[in-house]
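Please find below a short note on the model under review.

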Amino acid sequence: MRDMKKIAKIVKEVLASDFDNIKIIEVRVRDDLDSEGEEVLRVDVIFEGARKDVDVARLTGAVRHVRLKLYEADERAFPVISFISKKDAGVSEFVAT
């Protein structure tokens with residue numbers, strides 16, 4: 001059984017260092033399967049700011065960085081990361097991460 005809190009913490013720490021211009025409010029992680037039946041981690045990153053604040057050129061590098069840290073924590077499922085603004089996610093100011 002996966003420790004989703006530990007995975008979310010790793011993702012948040014890595015992305016916070018990669019994207020210093022946005023504030024990560026919450027990271028939601030769930031198990032899923034890709035189109036070929038392989039295990040993946042669906043990761044929703046809720047951030048404060050506008051979508052334009054997420055530098056798309058840095059996204060591919062961020063996935064590599066997250067995957068490396070997850071691998072070091074013995075997690076082998078590939079992370080599929082979605083960035084969602086706080087406004088679009090409907091998250092209140094008092095969400096615990």
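Predicted model: local features only at pLDDT ≥ 70, side-chain atom pairs only at ≥ 80, totals over all residues.

1. Sheet. Three strands make up an open sheet, in the order E1-E2-E3, with mixed pairing. From one strand to the next the twist averages 20 degrees.

2. Pairing of E1 and E2. Strand E2 covers residues 39-48 and runs antiparallel to E1, with 10 bridges joining the two. Within this pairing, Leu 33 is opposite Glu 39 of E2.

3. Helix H1. Residues 4-18 form H1, which lies across E1, E2 and E3. Its direction is at about 130 degrees to E1.

4. Helix H2. Residues 59-72 form H2, and this helix lies across E2 and E3. The angle quoted for H2 is taken against E3 and is about 130 degrees.

5. Aromatic pairs. There are 2 aromatic pairs in the structure. In one of them, Phe 47 and Phe 83 have ring centres 6.4 Å apart and ring planes at 65 degrees; because planes over 60 degrees apart count as edge-to-face, the pair is assigned to that class. Note that the pairing cut-off on centres is 6.5 Å. Phe 47 belongs to strand E2 and Phe 83 to strand E3, so the contact ties together parts 36 residues apart in sequence.

6. Aromatic cluster. Which residues make up the cluster that includes Phe 47? Phe 19, Phe 47 and Phe 83 form one aromatic cluster. Phe 47 has a relative accessible area of 0%, so it is classed as buried.

7. Charge over a ring. Arg 76 places its charged end over the ring of Tyr 71, at 3.6 Å from the ring centre.

8. Ala 73. Where does Ala 73 lie? Ala 73 is in the loop between H2 and E3. Its relative accessibility is 25%, so Ala 73 counts as partly exposed. Apart from neighbours within four places in sequence, Ala 73 is in contact with Lys 6 and Ile 10. Ala 73 and Ile 10 are 63 residues apart along the chain, and their C-alpha atoms are separated by 8.9 Å.

Key. Residues numbered from 1 in each chain as written. Heavy atoms only, no water. Pairing = 2+ DSSP bridges. Helix = DSSP H or I, 4+ residues; strand = E, 2+ residues; numbered from the N terminus. Axes fitted to C-alpha atoms, helices over the stretch in contact; angles between N-to-C directions. Contact = heavy atoms within 4.5 Å. Phe/Tyr/Trp six-rings, centres within 6.5 Å; stacked < 30°, edge-to-face > 60°. Buried < 20%, exposed > 50% of the residue type's maximum accessible area, 1.4 Å probe, protein only. Lys NZ or Arg CZ within 6 Å of the ring centre and 35° of its normal.
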